[in-house]
Every structure is written in C-alpha cells, then in structure tokens.
Amino acid sequence: MKINIAVDGYSSCGKSTMAKDLARRIGYIYVDTGAMYRAVTLFALRNSLIREDGTVCLDELKERMTEVSIRFEQDAETGRPVTFLNDVCVEKEIRGMEVSSHVSTIAAIPFVREKMVAEQQAMGKAKGLVMDGRDIGTAVFPDAEMKVFVTASPEIRAQRRYDELTAKGETVRFEDILENVQQRDYQDTHREVQPLRQAPDAILLDNSHMTIEEQTQWLLDLYHKITGSR
C-alpha cells in the first residue's frame, strides 16, 4: 500500500535530508517544495522583481509566473534530486544566503502559493510521495497518511546551515545566519496564507540532538508502523 508522507517544520531542520533518505529507502518519489519556492525567489531576483528594501514587484511577478517552470531530476552521481528552473540546474544558486533572505517573503505571496500548491497536489495524486515543506500536512496533503513536524533550536539550525555553506566554500557569519533563521521562523509562522503550524495529527520530531541516521531510522520505524510493513 503506497501512501503520501508529509514532512513539515522550521527552516534548516534537515527536513530535506531526512525526507530524501526516507524516500530512497522505501522507493518513493521525493519532492522538495522548499526548492520550488527558492526557485521562484531566484527567478524574482534575476529579473529585478525584488526591490532593494526587500519588497516585491507583485503585479509584474504575477504576470510573469507563467514564465516559471520548475522540475526535478535525479543526480547520476549522488542519486538525489536536483532543481531545474526553466531547464537550467539551479541547485547551488537556490541554497545561497541571498535567496534564503527573501524566500519567506516570496513564499507568503498568495498567487505564488496557489500555483505551487496546485503543482504539488498534482504530483501526489498517484501516492508514493515524500514531500517536505512548511504546509504539506496542513494545506497540500491534509489527508496524508503519515505526517511529521520537525523542530530544533534556532542555534542548532543556524550551526547546521553555517556548516553546510562553509563546506561549499562560502564565506558567511554565524550571527547573520542565526538572524536569518529567526526572521524566517517569524515570517513563516505569521504569514496570512497557510502559515507554518503543526497539523493536529502530525507526529512531532525534535531532532536537535539526533544524527542523520537516527532521524532516518525514526522515520522508517514510523512508516513501517503506519503501513504495517517490514
């Protein structure tokens, strides 16, 4: 029996890593919804649709959303999905601090969320999907058979993000990343459209002091319990 699995939670919790690992282990398709919003943000930045003060040129972005095409391909070397924006791989670009600084603003725009949610729901009609984001269990797949809400302290999440970026050779300050994490938490939980919140039937996972393998095993155990499989 195939099911849909919704993994929601705060930024830099490692949701994508654990969701990718779970999907690989059980043979499901993985969709990184955060990457979709990041791709829209990158499109807006590249087309000067985000002003210097951080506000968005809403009317123009709305008109140009038809120009935004997002898809995922599996990387031959890593076996993990990478993000393509208008047929160009943008996996590295969408993970940088510039996109991170604006993605919560873009993700809060109603017409952006409407387009992304519609695409995500279409992907899940056949079941067998692991999807992570901010509103998967509450808005995209409210009837998902397995829902997980992930959290960790802001300091631990900022450290993970710092380690990830410096490992890629980027020069960043921990204090800036921590501030970005805290700002995104506020924006994600206070936006008017589909704010980040734990679904009533979601299982809480605080992974502050868990290894990636421990997280994956926790998810596998929950999956087997729900599906009755081994």
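Strands are DSSP runs of E of at least two residues, numbered from the N terminus. In this predicted model, strand 2 (29–32) and strand 4 (81–85) each contribute at least two residues to the lining of the largest cavity. The leading contributor is strand 4, which supplies three residues.

A search of the whole structure returned one cavity of 30 Å³ or more. The space in the largest cavity amounts to about 40 Å³. Rolling a probe the size of a water molecule over the atoms shows where empty space is left. The lining of the largest cavity consists of Lys20, Tyr30, Asp32, Phe72, Pro81, Val82, Thr83, Glu91 and Arg95. By residue class, this lining comprises four nonpolar, one polar and four charged residues.

A separate site was examined at Leu58, a residue of helix 3 (residues 58–64). Leu58 has a relative accessibility of 42% and is therefore classed as partly exposed, because that class lies between the limits of 20% for buried and 50% for exposed residues. With residues up to four places away in sequence left out, Leu58 is in contact with Ile109 and Phe111. Ile109 stands 51 residues from Leu58 along the chain, and the C-alpha atoms of the two are 8.4 Å apart.

Notes. Residues are numbered from 1 along each chain as its sequence is written. This is a predicted model: local features need pLDDT of at least 70, side-chain atom pairs count only at pLDDT 80 or more; totals for chains, interfaces and linings use all residues. Side-chain values use heavy atoms; hydrogens and water are left out. Helices (H or I, at least four residues) and strands (E, at least two) are DSSP runs, numbered from the N terminus. Buried means under 20% relative accessible area, exposed over 50%, partly exposed in between (1.4 Å probe, protein chains only). Contact means heavy atoms within 4.5 Å. On a 1 Å grid over the protein atoms alone, a cavity is a set of points where a 1.4 Å probe fits but cannot get out, and a pocket is an open set with protein on both sides within 12 Å along at least five of seven lines; lining residues have an atom within 4 Å of a point. Grid points are joined across faces, edges and corners, and a volume is the space filled by probe spheres set on the points. Ala, Val, Leu, Ile, Met, Phe, Trp, Tyr, Cys and Pro count as nonpolar, Asp, Glu, Lys and Arg as charged, and the others, Gly among them, as polar.
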